[in-house]
Amino acid sequence: MNSIVKTQGLTKQYGDVLAVDNLDLEVSEGEIFGLLGPNGAGKTTTIRMLTGQTTPTSGTATVANHDIIHQPTKAKQQIGVIPDISNIYEEMSAWDNLIFAAQLYSVPKIEREKRAKELLELFGLYERRKDRVAGFSRGMKRRLTIAAALIHKPKLLFLDEPTSGLDVQSLRMIRTLIKELNEDGVTVFLTTHHIEEADQLCQRIAIINKGKIVTVDTPERLKASMEKRQVIEVSFTASRGLEDKLKGLSCVTDVSMLGDKCRLQVDEASEAVPSLVDFARKHFKSKFGRSFR
Amino acid sequence: MIETLKENVLKAVHIAEKDAKIYFFKGPNITFGLLFPAIIYLAFSVGRTADVSLVIPGLVAMSSLFGAGAIESLALPLERAKGTFDRLLAAPISLTTIIVGKALGGFFFGIFLSIGYMVIALLLPGAAIANPLLFAFGIVLSALTFSALGVCISTPFRDVPQAMPPATLIRVAMVFLGGVFIPLSAMPGFLQLVAYLLPITYAVDMLQQATTGQIFAQALVIDAAAMILFSIIFFVIATAVLKRTLR
């Protein structure tokens, strides 16, 4: 399968902040590819670099076989972009928004009017086509933003947090649409911080954290590898160096602090629990029973 | 090559059309573009007996300066704040085309305002334009230069409250130093030097020659060349600044 997106060492630095660190990715033509990670992981910055909205600090990226730095116009002609926040012109009508979007992609006049009508009907906005977008609900604005991104029939669609903050009806509609578009041959590159969404929609997922790709695999394989690991949450009275002490336990593979709780990643919970009890007895002798639960 | 150029020109026109629909009648554009030149002019000319041949070019050049620039000082930062500017960045358009498109909106608004103020000025007793064709050429060149200046000033800003004060300050300073109220010959030597570094000086001079009919070919060529050169410089700076903001 041909690559439609390919990045090598793609990096973005904002001052002292390394937003995306040496990203190597390959997205095949025809797939739904998900970039999954928490807020601030570098998902939006990655999309912004791939869609020419910000210049990478270093590295290369090709989108639809065109270098995004040296041939940005050719690359952008092939893509549709749906940002995390709807960015249509609220002062204009739904119809004018779509026509303007089509003009930016040089869609011929007859074709753009036909396409605008089709899309407005598809998204249930045709009756409101003459209304100013300012009066639309969030879901309607989202639908119109998606319609504007599809006006030129892109080969590749970038969606940044496509269902974020939407009602259940709009959410279902957008997920169904993503699947239908993909069946029609559109490659989809989406970002999300919902693991369920990535699981339901994507054929492959890249997990990104602190600007780095942690792993890339199919949802099923990722879930299988996750299932091998088990998580125990414990709460101790605050103690200096607690995290490091827990990391020193042989049964613990990773520790993260969540408020007053410690989330411990272990390979086998049944073996880890007795070790944790011993650990609590040793370090919290006088308060044991009160502070360990 | 010609096809690409045609496509880019069309896209720039579409951006200008969109800006016209959205911003022409927005409050800040009306205040800073339409009313501000009139207020400044009235504030500094009431009670003075100014020669009508100086009033027309001064008023028209000033309306072009404010009118052509106001829309960009509003549109560019507002779109960046709202995120709609990202639509343009993600579309298959070069940064230069975006800049030209943004300037075009101001260009047309500048011409529209200049004509409006010209008509008002012509109602003054004894007012007349000796060379209307040259005057029209002056209006077009002024609007081109001042719209390019407007884009250049507003490109670095990401919000309207940030963009408006420096833009207004620069324009007001230009008005006082560029021969709108005080003829260049009446200025001290060093201020005359400063005046020659300002595009409005050349706009006022060309419009003045058209109004009086006292044409100096060499001065006209310098006026036209200076305005075109300023426009190119402003477009190049604006594109470079926009490129830099994407880093």
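**Exercise 1. What should the 18 residues of helix α7 (residues 160–177) of chain B span, and how far apart are its end C-alpha atoms?**

Residues are numbered from 1 along each chain as its sequence is written, while chains are lettered from A and ligands numbered from 1 in the order in which they are written. This is a predicted model, where local features need pLDDT of at least 70, side-chain atom pairs count only at pLDDT 80 or more, and totals for chains, interfaces and linings use all residues.

Step 1: a helix here is a DSSP run of H or I with at least four residues (a strand is E, at least two), numbered from the N terminus. Step 2: the expected span is 1.5 Å times one less than the number of residues. Step 3: that gives 26 Å for α7(B), and the end C-alpha atoms are 26 Å apart, so the two agree.

**Exercise 2. Find the buried residues of α7(B) and what they pack against.**

Step 1: call a residue buried if 20 or more other C-beta atoms lie within 10 Å of its own, exposed if 12 or fewer, and partly exposed in between, with C-beta atoms placed from the backbone. Step 2: Ala163(B), Ala167(B), Arg171(B), Met174(B), Val175(B) and Leu177(B) pass that test. Step 3: look for contacts, meaning C-beta atoms (placed from the backbone) within 7 Å. The partners are α2 (27–45), α3 (52–82), α6 (132–154), α8 (189–195) and α9 (199–212) of chain B.

**Exercise 3. Work out the strand order of the open four-stranded sheet in chain A.**

Step 1: two strands pair if DSSP finds at least two bridges between them. Step 2: the order is β2-β1-β4-β5, with antiparallel pairing. Step 3: β2 (17–28) and β5 (66–67) of chain A have a single partner strand each, so one side of each lacks a neighbour in the sheet. Step 4: zoom in on β1 (residues 3–14) of chain A, which eight bridges join to β2(A); Ser3(A), for one, has Ser28(A) as its bridge partner.

**Exercise 4. Describe the contact between the chains from the chain A side.**

Step 1: chain A puts in 20 residues and chain B 19. Step 2: α2 (72–77) and α3 (94–104) of chain A each supply at least two of the chain A residues. Step 3: sort the chain A side into eight nonpolar, ten polar and two charged residues. For that sorting, Ala, Val, Leu, Ile, Met, Phe, Trp, Tyr, Cys and Pro are nonpolar, Asp, Glu, Lys and Arg charged, and the others, Gly among them, polar.

Conventions. Contact = placed C-beta atoms within 7 Å.
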